[in-house]
Amino acid sequence: QLTPSSFLRIGQLSNVDLNEDIHELETELPRQRPNEIPHNEKLLSLKYESLDYDNSENQLFLEEERRINHAAFRTVEIKRWVICAMIGILTGLVACFIDIVVENLAGLKYRVVKDNIDKFTAKGGLSFSLLLWATLNASVVMVGSVIVAFIEPVAAGSGIPQIKCYLNGVKIPHVVRLKTLVIKVCGVILSVVGGLAVGKEGPMIHSGSVIAAGISQGRSTSLKRDFKIFEYFRRDTEKRDFVSAGAAAGVSAAFGAPVGGVLFSLEEGASFWNQFLTWRIFFASMISTFTLNSVLSVYHGNAWDLSSPGLINFGRFDSEKMGYTIQEIPIFIFMGVVGGILGALFNALNYWLTMFRIRYIHRPCLQVVEAMLVAAVTATVGFVMIYCSRDCQPIQGSSVAYPLQLFCADGEYNSMATAFFNTPEKSVVNLFHDPPGSYNPMTLGMFTLMYFFLACWTYGLTVSAGVFIPSLLIGAAWGRLFGISLSYLTRGSIWADPGKYALMGAAAQLGGIVRMTLSLTVIMMEATGNVTYGFPIMLVLMTAKIVGDYFVEGLYDMHIQLQSVPFLHWEAPVTSHSLTAREVMSTPVTCLRRIERVGTVVDILSDTSSNHNGFPVVESNPDTTQVAGLRGLILRSQLIVLLKHKVFVERANLNLVQRRLKLKDFRDAYPRFPPIQSIHVSQDERECMIDLSEFMNPSPYTVPQEASLPRVFKLFRALGLRHLVVVDNRNEVVGMVTRKDLARYRLGKEGLEELSLAQT
């Protein structure tokens, strides 16, 4: 996986001040992994490549596009709709699979533990039940953590930050592979069954994206199978659009909220958008919800009912009983403030925890041990809270799945157990809909406190897990507490219904942690099936976002920053007008001549120190009168395909080249182009010449060196470029702007700051 040298190339980290002892440790034990990785949030990692969202308009591309007539374009458009339908269907089926397996396994676990507790309550010796529960949890989570840590580490977490980066144009290794999908699905089942404070909603977004990327390419590189369909879509631009559809389908399968899915993809995911895309994405989301709905309805035995649109169903809120009055609006705004502050606290704690994890817990075995520890602690905390709670409620008329009696009288159950002794989704629904008086305020307060820290500790473990449901659960608990205390104060007036405040609290807490406004409002409205709450939910979320942003940024942006990803936001930093392209660009640039020696090309590509991916092409024989002006741009991947097929001038003259290269040859090598080391070039071939004229992009985007940074940024970001050539007034190449040159500048506390680049 990671050799020590690739893990920490100390030599190239000279611009980061490292502690002295690490230097000594490196010199003495060169082959051992360091115990501490010096990580600093003011870094940008050089290991991330960019995706190419700009088509290379070389002669081959133009010839192919001119050959395609109107009817062929129609078939391409139809294929796009077919792919979107398939994305929806498959995402819905994956969601069904996760849901059914989790329900059965978790049900089995809770039944075993419940029987055990009931048995030992009668005759004493409850510590054995605790051991059983903790061991069950830890062993299940161990399996889930081992597959993630040792097989596919990119499947850890919810996957939303990774997909966000992918859609922004950063190539995160392995993020949309089939292997990642399998590990993600198994991992999320195991971590939810293992009783961690996680939800299965976040990973659905990642799963949908992987499905979309796989289907739209018409082949699987992991399985080494090529189905020879959808070959037109084998490039980054098309793949990106389908991935945003997959993310939307994932959201709508998770919450039963197709409109919310589209808005999520627009707000959190996609960095590029157009109108045709909206309609196709909405189609994929609708199909995904419908598939999930019909399969689950058949599974639950009421085939014509279509009553379970999403993985989590908040249940219906009746508008008659549950209206809101004008004097409640300040109360909702206050709840938004509380949610923003708690969310900021959650993010700040998680930030320090993640820094600690990056520095010290970077070995896979340690990560597995930590996950098991968290699982055991979660079970222990739950058990102790249930054991100490004296909050008994009558069983009849309540809908508790696994009522634990413990020390309550006959015919009563322990109400703390409904919160802990259940999957988090069920607990949320209980908090929303249980009649007033089902919970003791003390129970809710203790539960909120404990679960807040557990959820914070759990996010960022090496397991597949989402943060949506735990946030909703924390918020629903303190919101219900808030509602109960309000009805105490107003002496039980009709409008202080605890369920309504639980909903507002859930929205406030989730908004305070992930800072989504538009999509979250719609998701909550669609999941509760109630439009009357649109306005209060929007108010709560806006307040939570404003208050939270005052302290720290949202959870996903924070994790993107912690992983040192060169992420480009919508706008350049506000105060960056003073910088010009000349100060931002990378120099010197490796240029190629239009007709170049093969040996030179091979040497340039094999040079590991300058790992460039785009090379400006200049005029080949500049005499004294003619300037070596820019003629085009050629990519590393194109050069590798040319060398692999040995397209040399001499061979063409001798008619040794069987046929002209077509675009299909480039598409077949996408997305994993072979490394230059695997291509054998003999000594004689090194002396041949290679003509780049028909393969280079003859019209690359360029900027003059006096252009200001915001202008360069706008051009780069809006067109999704990977290379932007900087030229002087004689059209000679003076530099190259890439993603890292722009992502380096960030607004910090003191104003504009420049991040250092590091190899880690």
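Q: Which residue takes a positive phi in the hairpin of β14 and β15?
A: Two strands pair if DSSP finds at least two bridges between them, and strands are DSSP runs of E with at least two residues, while helices are runs of H or I with at least four, both numbered from the N terminus. Here the hairpin has 5 residues between its strands, and Asn 731 adopts a positive phi near 65°. The model is predicted: local features need pLDDT of at least 70, side-chain atom pairs count only at pLDDT 80 or more, and totals for chains, interfaces and linings use all residues. Residues are numbered from 1 along each chain as its sequence is written, and side-chain values use heavy atoms, without hydrogens and water.

Q: How many bridges join β14 to β15?
A: Strand β14 (residues 724-727) and β15 run antiparallel and are joined by 4 bridges. Leu 724 has Val 737 of β15 as its bridge partner.

Q: Is strand β15 mostly covered or uncovered?
A: In a regular strand, side chains alternate between the two faces of the sheet. Buried means under 20% relative accessible area, exposed over 50%, and partly exposed in between (1.4 Å probe, protein chains only). In strand β15 (residues 733-737), 4 of the 5 residues are buried, so that the strand is mostly covered. Across the protein chain of 760 residues, 57% count as buried.

Q: How many aromatic pairs does the structure hold?
A: An aromatic pair is described by the distance of the ring centres and the angle of the planes. Rings of Phe, Tyr and Trp (its six-membered ring) pair if their centres lie within 6.5 Å; planes under 30 degrees apart count as stacked, over 60 as edge-to-face and the rest as tilted. The structure holds 20 such pairs. The pair of Phe 233 and Phe 242 is edge-to-face, because the centres are 5.3 Å apart and the planes stand at 75°. Both Phe 233 and Phe 242 are buried.

Q: What are the distance and angle for Phe 420 and Tyr 451?
A: The centres of Phe 420 and Tyr 451 are 6.4 Å apart with 55° between the planes, a tilted pair. Phe 420 belongs to helix α14 (residues 415-420) and Tyr 451 to helix α16 (residues 441-458), so the pair ties together parts 31 residues apart in sequence. Phe 420 is buried at a relative accessible area of 9%, and Tyr 451 is buried at 6%.

Q: Which residues form one aromatic cluster?
A: Phe 332, Phe 334, Phe 482 and Tyr 501 form one such cluster.
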